Amino acid sequence: MRASDALRLAIPRLEEAGVEDAARDARVLLAHALDIGHDRLTLHLPDDMTAPQEQVYVGAVQARIARQPVAQITGRRLFWGLSFRVTRDTLDPRPDTEALVAEALSKPFQKILDLGTGTGCIVLSCLKCMPAARGVGIDISQAALVVAAGNSSDLGLEARVRFQLSDWFAAVSGTFDLIVANPPYVAAEEMPGLAPEVRDWEPHQALTPGGDGLDAYRVIARGAGARLMPGGRLLVEIGSTQGVAVAGLFAAAGLDDIRILPDMDGRDRVVAAVKPGLADSCGSA
Ligand SMILES: C[S@@+](CC[C@H](N)C(=O)[O-])C[C@H]1O[C@@H](n2cnc3c(N)ncnc32)[C@H](O)[C@@H]1O
């Protein structure tokens with residue numbers, strides 16, 4: 001079968017399954033099956049597909065019909081201009097999270113701690129842009145940590161980052177001039193309303209801490225002071241309605257200079273705070 005015919009047949013099937021942008025996904029999956037860059041697909045549409053390519057495409061379209069996220073099917077996601085491996089054990093990195101990375105990189109830092117690292121996308125993107133810095137990524141999921149470690153090797157960062165199993169701060173030692181986190185923050189009652197791609201395919205412990213969605217922030221607010229250097233920064237991603245509540249938790253924990261920052265779409269996405277003290281965020285005494 002020609003690639004163009006495979007594409008033409010796949011699009012209505014994806015539409016019928018309720019896939020939002022069926023044409024785009026059909027093209028991304030076809031490029032994946034042909035093992036070519038998405039930008040080169042048009043060039044190859046007239047080509048006949050090999051049997052193995054057809055087999056990969058059929059499987060990929062079938063998985064998408066079952067609403068598996070595209071990144072889990074292709075195994076890759078571009079984030080902060082870098083390619084990350086994604087599996088069913090990791091959250092698919094979101095463009096919204098790039099707002100957190102941009103804020104992290106707005107000042108120099110030397111030692112970064114990433115709580116709930118998943119694919120490692122936050123700490124690895126930050127380290128890629130801060131060549132003298134070192135980092136630690138922790139997660140409660142050993143399977144996610146394996147993916148993060150693989151991503152650090154793929155990006156040539158394995159000498160500057162360490163990944164460790166930990167329940168938030170429980171197994172973390174030392175102090176940091178930057179702590180970042182994109183914790184699970186979906187409230188229990190919001191879970192049924194999520195898109196099937198998220199609700200049925202992404203790890204639950206990456207999405208929700210249960211209850212009102214704020215429990216991870218409570219633990220992070222309580223523990224950050226002991227792990228931040230004086231003047232060190234804490235940055236967390238939030239759901240767009242959680243800014244005031246999370247800012248309140250940080251204020252109650254004695255943190256200073258609390259700001260709620262928007263993402264590219266203008267929605268509240270990051271809460272930033274600083275540990276009071278004399279040193280600046282570069283860690284100078
Ligand atoms: C929203 S995902 C974020 C993943 C990644 N940092 C990103 O931005 O794409 C939250 C992550 O927190 C981890 N997590 C959940 N509960 C945790 C806990 N008690 N301690 C440490 N990590 C936890 C999950 O396994 C998941 O990888």
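Visitor: What counts as buried, and what is partly exposed?

Guide: Buried means under 20% relative accessible area, exposed means over 50%, and partly exposed lies in between. The structure here is a predicted model. Trp 168 has a relative accessible area of 16%, so it is buried. Its place is in the loop between E5 and E6.

Visitor: What is the phi of Trp 168?

Guide: Trp 168 has a positive phi of about 45°, although this residue is not a glycine. Asp 257 is another non-glycine residue with a positive phi, of about 50°. Asp 257 belongs to strand E8, residues 256-262.

Visitor: How does one read the nonpolar core?

Guide: In soluble globular proteins, nonpolar side chains tend to be buried together. In this model the largest nonpolar core has 29 residues, and Ile 112 and Leu 124 touch the most other members. At least two residues each come from strand E2 (82-85), helix H6 (98-104), helix H7 (121-129), helix H8 (142-154), strand E5 (161-165), strand E6 (176-181) and strand E9 (268-274). H7 gives the most, with 6 residues. Apart from this core lies another, of 26 residues, which includes Ile 138, Ala 181, Leu 228 and Ile 238.

Visitor: Which residues is Leu 124 in contact with, leaving aside its neighbours within four places in sequence?

Guide: Those residues are Phe 84, Thr 119, Ala 148, Asn 151, Ser 152, Leu 155, Leu 157, Val 161 and Phe 163.

Visitor: How many residues of H7 are buried?

Guide: In H7, 7 of the 9 residues are buried, so this helix is largely enclosed by the rest of the structure. The buried residues are Cys 121, Ile 122, Val 123, Leu 124, Ser 125, Cys 126 and Leu 127.

Visitor: Where does Asp 47 lie, and is Asp 47 buried or partly exposed?

Guide: Asp 47 is in the loop between helix H3 (41-44) and helix H4 (51-65). With 36% relative accessibility, Asp 47 counts as partly exposed. Beyond its neighbours within four places in sequence, Asp 47 is in contact with Met 1, Arg 2 and Ala 3. From Asp 47 to Ala 143 the C-alpha to C-alpha distance is 38 Å, and the two are 96 residues apart in sequence.

Visitor: How is the packing of two helices described?

Guide: Two packed helices are described by the angle between their axes and the distance between the axes. Take helix H1 (residues 3-16) and helix H2 (residues 22-34), whose axes cross at roughly 135° and come within 9 Å. That angle makes H1 oblique to H2. H1 passes H2 in a right-handed crossing.

Visitor: Which residues make the contact of H1 with H2?

Guide: From H1 come Ala 3, Leu 7, Ala 10, Ile 11, Leu 14 and Glu 15, and from H2 come Ala 22, Ala 23, Ala 26, Arg 27, Leu 30 and Leu 34. By class, these are 10 nonpolar, no polar and 2 charged residues.

Visitor: At what angle do H2 and H4 cross?

Guide: The axes of H2 and H4 cross at roughly 145° and come within 8 Å. H2 passes H4 in a right-handed crossing. On the H2 side, Asp 25, Ala 26, Leu 29, Leu 30, His 32, Ala 33 and Leu 34 meet Gln 53, Val 56, Tyr 57, Ala 60, Val 61 and Arg 64 of H4. This contact divides into 9 nonpolar, 2 polar and 2 charged residues.

Visitor: How are H11 and H12 placed relative to each other?

Guide: Helix H11 (residues 215-227) and helix H12 (residues 243-252) have axes 9 Å apart, at an angle of about 25°. H11 and H12 are therefore roughly parallel. The crossing of H11 past H12 is right-handed. Tyr 217, Arg 218 and Ala 221 of H11 make the contact with Val 246, Leu 249 and Phe 250 of H12. By class, the contact has 5 nonpolar, no polar and 1 charged residues.

How values were computed
Residues numbered from 1 in each chain as written. Predicted model: local features only at pLDDT ≥ 70, side-chain atom pairs only at ≥ 80, totals over all residues. Heavy atoms only, no water. Core = buried A, V, L, I, M, F, W, Y, C linked by side-chain atoms within 4.5 Å. Buried < 20%, exposed > 50% of the residue type's maximum accessible area, 1.4 Å probe, protein only. Helix = DSSP H or I, 4+ residues; strand = E, 2+ residues; numbered from the N terminus. Contact = heavy atoms within 4.5 Å. Axes fitted to C-alpha atoms, helices over the stretch in contact; angles between N-to-C directions. Parallel < 35°, antiparallel > 145°, perpendicular 65-115°, else oblique. Left-handed = near helix turned anticlockwise from the far one by under 90°. Nonpolar A, V, L, I, M, F, W, Y, C, P; charged D, E, K, R; others polar.
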